[in-house]
Amino acid sequence: MFFMKRKFYLYLICILAVQQVFAQPKGFVDELLTDEVNVPTGLTFDASGQMYVWEKAGRVYKMDKSNGNKTLLLDINEEVYDYLDHGLNGFALDPSFEENGYFYLLYTVDRNYLYFKDSTNYDPANNDQFSATIARITRYTLNDNVVDLESRKIILGEKHTNAIPILMDNHGVGSLVFGTDGSLMVSVGDVAIVKNPPFQNGDPYYWELVSLPIMEGIITEDQNIGAYRSQYLGSLNGKILRIDPETGDGLSSNPFFDEAAPDGQASRIWAYGLRNPFRFSVKPGTGSTDASEGNPGVLYVGDVGWENREEVDIIDKGGMNFGWPYYEGISFRNSLFDDPKYWPENPVPPVLEWRGAFPQAFIGGEAYNIGSPEFTGETFTGNSSIGGLWLTTDHFPGYKDTYLHGDYLGWLKIFKFDFRDEPYEAVSIVDEVHPVCMAEDPTDGSIYYANYFYPNTNEIRHLYHEENPNAPPVIQATVSPNYGSSPLSVKLDASGSYDPEGGNVQISWKYNNGQDVAGAVQFFDYSSDKQEVFTPSVTVTDAAGKSSTQRFRVFVNNFPPEILSTSVDGIDEFENEKGLKLDLSAVVQNHDPEEQLYYEWSVVLHHEEHSHLITSFKKETGQAELAPIPCDEQTYSYEIRLQVNDQFGMLTIYSKFIDPVCQKDRPLGLEIMPNPVVDEIQIRGEDLLDESEVEYQLFDVHGRLRLRDQGVWKSLKRGLNNNLSRFNSGVYILKIILGERAQSFKFVKE
């Protein structure tokens, strides 16, 4: 595997705060509003400009957009299945929210809650992560800034036998959006892995993910078709749904409506052939206000691709089919899927695609590369088309009526469309961010967006315009040491802070929320006769008066807990096909044996540049299960994390990586030396001889196959190095296949 096996301890010794500044077109300013959120999956505004933020675990807040302060409105964490792609993903305010106070939630339901909530044996701490469940839409009413819990109404998913099935750990539900006609639009992924034929008896987790949901009625036998569900009108998966927000039934103006079964799958479907349409929006000024006309407006959809293409799709009428799983992007054919029963007739191509060699636009029935006269702009890539919205004001001069779209890894770009809804220009706005949802402030037209990337990025950011933009000062500061016995002599150093425009900055410290003391570097003795936490802060101000502030913590008479050993110390890999069940425990020593410690175990799946939280629990011991991975060209590794902290917040983090080993991918005992590669790849190891018959595959960091050849290694490596010399610097992946064994390497080409 490409991830190095490693174990490390991270002590809270010092804190480094870095704010990155990115280049936008003149006048664009991107600033952090707050990072005091936990996995923010979305935000929206009411007509007055009040912001609402929701978290993946099932919490909804009102947020002050001037300072990021938040007030909890609703917490349904116990009901929400917060796992990998799943959680509270969608939220919408009713079009008449100011009058009726209605708001809607779209989330995956915790299976334990779904089946046992009313049982005498119900235990909220239990979970069942590798079995099927459902997604649900519920409605609550907000009265005088208080949610009326008695107002709860399940719109869709009251019965698990007529709900949105959640059969896998990915590509679940996405967004709730009201159409111009008041219909409620819902995006649903295919909840499938790329596998053909679909799950068969004998496959890992067949019982949990196929037999059990069929037996329970979550799906019927005909829906056990994996990714083909996107093409099947008897399934809600891989679709955009259009329903009545009062009943959850399909509307009679839907393309496949069945009068005999208004709550049937086909009756609710608006568009299909989608993989993971996470975010979508209605183009302003489109659609009818009469729901009977079947015209909710023109939808712009971000559909997350598999290995080859990312998409922006336009849905301008009901019944459109976008081709997944047979097609990705404008023309890429997934040859893995070949069942003629679900073959899409005349699938609709996306208007934009990327993650190929070049981004392309589909204009007048032809595909045009970025940089061509038909589709201007600079080239780009990405691997997760999140979705976007239309800019409706002149807040960003020259960009009214343009479309702002995000890719999770990661950028925001403006795409300009003509009157035919065909793109003609791409404009880079912000890079190196991870947007998961964005909203336009109705009071001024600026944009707020949720920026999340596991585990350290949990932000709400503000994108706005200034005539002469002034970026905030960048804080680079350390507080060290930040724990120890009293008196504790601490150095507070912000000398690395600067003004991005190159001007002078003023730096001041507050030792403990007290009087400001000017100067970049300060020394202070913290004293106490007990365990105590002090909170110094630094403020950096530029010549125009714009400032940035960062808070720190100093722990006096306290030390981090020490993790001496864990139950996974000696586990480096496991046989992928069998999965791995883990009993998690640790031996921990604290300086104060009487002090209570708090534990949190997490399991994270890393693949390529993605990181997904699989599960977590806040108990001293527990169990976890590492599921088999697809064994495709991507890199996979599980990380087991343990965080132990005391009642004051002093913490230690332990991390251990465990690699799934596919049958064919048993390591060969080779290594690339040196790495980074300067002139040519040198592979060392006894298993690879100059006369060995091998196959190699070379991928870039985005998973695109760049080179492939087979033959005698002595001849192959000469051609490999000649080709590699023409490539740009960056990260690449080389896979060497020798008989029934293989090994992959991640290396840097300088």
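Predicted model: local features only at pLDDT ≥ 70, side-chain atom pairs only at ≥ 80, totals over all residues.
Local features require pLDDT of at least 70 and side-chain atom pairs count only at pLDDT 80 or more, whereas totals for chains, interfaces and linings use all residues. Residues are numbered from 1 along each chain as its sequence is written, and side-chain values use heavy atoms, with hydrogens and water left out.

His86 is located in the loop between strand E6 (70–75) and strand E7 (88–93); strands (E, at least two residues) and helices (H or I, at least four) are DSSP runs numbered from the N terminus. His86 is buried because its relative accessibility is 0%, where buried means under 20% relative accessible area, exposed over 50% and partly exposed in between (1.4 Å probe, protein chains only). A polar atom of the His86 side chain lies 2.8 Å from the backbone oxygen of Met168.

Across the whole structure, 25 salt bridges are found, each being a side-chain nitrogen of Lys or Arg within 4 Å of a carboxyl oxygen of Asp or Glu. One of them joins Glu246 to Lys153, with the closest N and O atoms 2.7 Å apart. This pair links distant parts of the chain, 93 residues apart: Glu246 is in the loop between strand E14 (239–243) and helix H4 (265–268), and Lys153 is in strand E10 (residues 146–156). Glu246 is partly exposed at 37% relative accessibility, and Lys153 is partly exposed at 28%.

Arg309 and Glu353 also form a salt bridge, with closest N and O atoms 3.4 Å apart. Arg309 is buried at 18%, and Glu353 is buried at 2%.

Methods:
Polar contact = N/O pair within 3.5 Å; in protein donor to acceptor, adjacent residues only side chain to side chain.
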